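Hello,

Here is the structure I said I would pass on. My notes follow below it.

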Amino acid sequence: MVTEVRQEAAKAGVQPVPGPTGMHLAVLLFTSAVSVGTFALDNGLMRTPPMGWLAWERFRCDIDCEHDPKNCIRQATIIHSHVHTVKLLFERRLVRENLFIDMADRLSEDGWRELGYVYVNIDDCWASMDRDEKGRLQPDPKRFPGGIPKLARYMHDRGLKLGIYGDMGTHTCGGYPGTPLDKIKIDAQTFADWEVDMLKFDGCYSNATEQEQGYPLMSNALNATGRPIGYSCSWPAYQGGLPPKVNYTQLGKICNLWRNYGDIQDSWDSVLDIINWFFENQDTLIPAAGPGRWNDPDMLIIGDFGLSMDQSRAQMAIWAIMAAPLFMSNDLRTISSGARSILQNKMAISINQDPLGIQGRRIIKEKSGIDVYWRPLSKDDSALVFFSRRNDMPYRYQTSLKKLNYTTGSYKIFDVFTEKTMTLKDSTDFVVSVNPTGVVMWYVSAPAKLSLRQLYKGGKLQGFAYNDDENSIPPVFL
Ligand code: GLA
């Protein structure tokens, strides 16, 4: 069947990506997800990709709280005051100038938490340069005077979770104290004592041998604390992201997610570079992902300075196809309504969060600069993304569901960003207009469900005939 589809695709002038495509692949991947799943990190966490906010890309290592109080990495400042009322006033003010508290407030008050964005993650530059007298990491006393437990409590009181950052090595990438091999146990215990919910474990200042020991040791140490702590490993990113240096079977057993590739920056070039790497290596990466174990192409930069609205939709759509963790790194206090509505798009989020947890793939890379991505979803549904690499004007891409390996009749289509719906036969040619560096994203409902709905429309049996008067949108979908 796959060969037939290929021949047909070749006739139609499209180039399917080599290797198994279409529904056969879904079955194949699903089987492997189930069998490998039993060995996954045994903390029961992150059965769907984690979602939340992470400080790094937008706020970096800004520790200049004197000149940049709103944006620096801190929990609060110490203000000594003998007059009680003045102190309260000050405290209220400083709470407003606190990055992590601010983001927690936004997540819980602006509709993010209900959509699944629950992690508030501290990145580098939170720590004091010195460990305490017992050898434990401690936060910078000026910037985190209340300590991390207070921050964790603030999150938990609001139904949010707190993430923290560490580094397998002598120093963090920003030059703060790292976690060398002999400090792994004590640091895991410290994070658990602080009631932290997630650890991003970076890999600066260590070699391959130390990493090979350190990442599994930290996994065990976190499990041994008895506190469920989501574990994000940067290990593969330090080893080129590919076998034989990277063992994805092992990673799936010890980490909940892992960074495979370099850091995202606030630019379209950077997003495109990441997309290219992940899909060029999709045959290696797709089987690694599944419930509890995710490839992490890095943060969402939607709402920052580098992406147009089309590019923002493209990042959201392709991260959803990839079953990527959705950690926004932006300023939720000032985010535009356009960026917010892309990040809060319920259909895109539900595609990202699909419980089957099968990472999607690029099925077509056209010479014209159009890529088509496909992700199988639960209940035989699926998602499609048409992506344009072009730089000229909206491109009218003509294809049919049959050419995209759909073979079972009529499907209900829901356009994720325009919210239009239509019904489409697999054999019908249609045209999508894709903006330069933009996407069209579809949620495709399985034919079985459609025919049942059609069949019993209005409570009466309608017969078997294909009936589209309910959705009389023509097959040109602009
Ligand atoms: C590395 C990581 C980034 C960030 C910085 C912090 O570069 O990949 O995500 O955590 O370190 O210094």
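An N or O atom in the side chain of aspartate 124 is 2.7 Å from an oxygen atom of the ligand. That is a polar contact (a pair of N or O atoms within 3.5 Å). Aspartate 123 places a polar side-chain atom 2.6 Å from a ligand oxygen. For arginine 259 the distance to a ligand oxygen is 3.3 Å, again from a polar side-chain atom. On its own the ligand has 300 Å² of accessible area (Shrake-Rupley, 1.4 Å probe), and the protein covers 90% of it.

This is a predicted model: local features need pLDDT of at least 70, side-chain atom pairs count only at pLDDT 80 or more, and totals for chains, interfaces and linings use all residues. Numbering runs from 1 along each chain as its sequence is written, and side-chain values use heavy atoms, without hydrogens or water.

Residues around the ligand (a heavy atom within 4 Å) include Trp56, Tyr165, Lys200 and Asp263.

Now the strands (DSSP E runs of at least two residues, numbered from the N terminus). All seven residues of β10 (370–376) are buried, so the strand is largely enclosed by the rest of the structure. Buried means under 20% relative accessible area (1.4 Å probe, protein chains only). Ile370, Val372, Trp374 and Pro376 point one way, Asp371, Tyr373 and Arg375 the other.

β10 pairs (at least two DSSP bridges) with β9 over four bridges, antiparallel. With β11 the pairing is also antiparallel, over seven bridges. Tryptophan 374 partners arginine 361 of β9 and leucine 384 of β11. In the β9–β10 turn, glycine 369 has a positive phi of about 100°. In the β10–β11 turn, lysine 379 has one of about 60°.

Best wishes

Terms used
Buried < 20%, exposed > 50% of the residue type's maximum accessible area, 1.4 Å probe, protein only. Polar contact = N/O pair within 3.5 Å; in protein donor to acceptor, adjacent residues only side chain to side chain.
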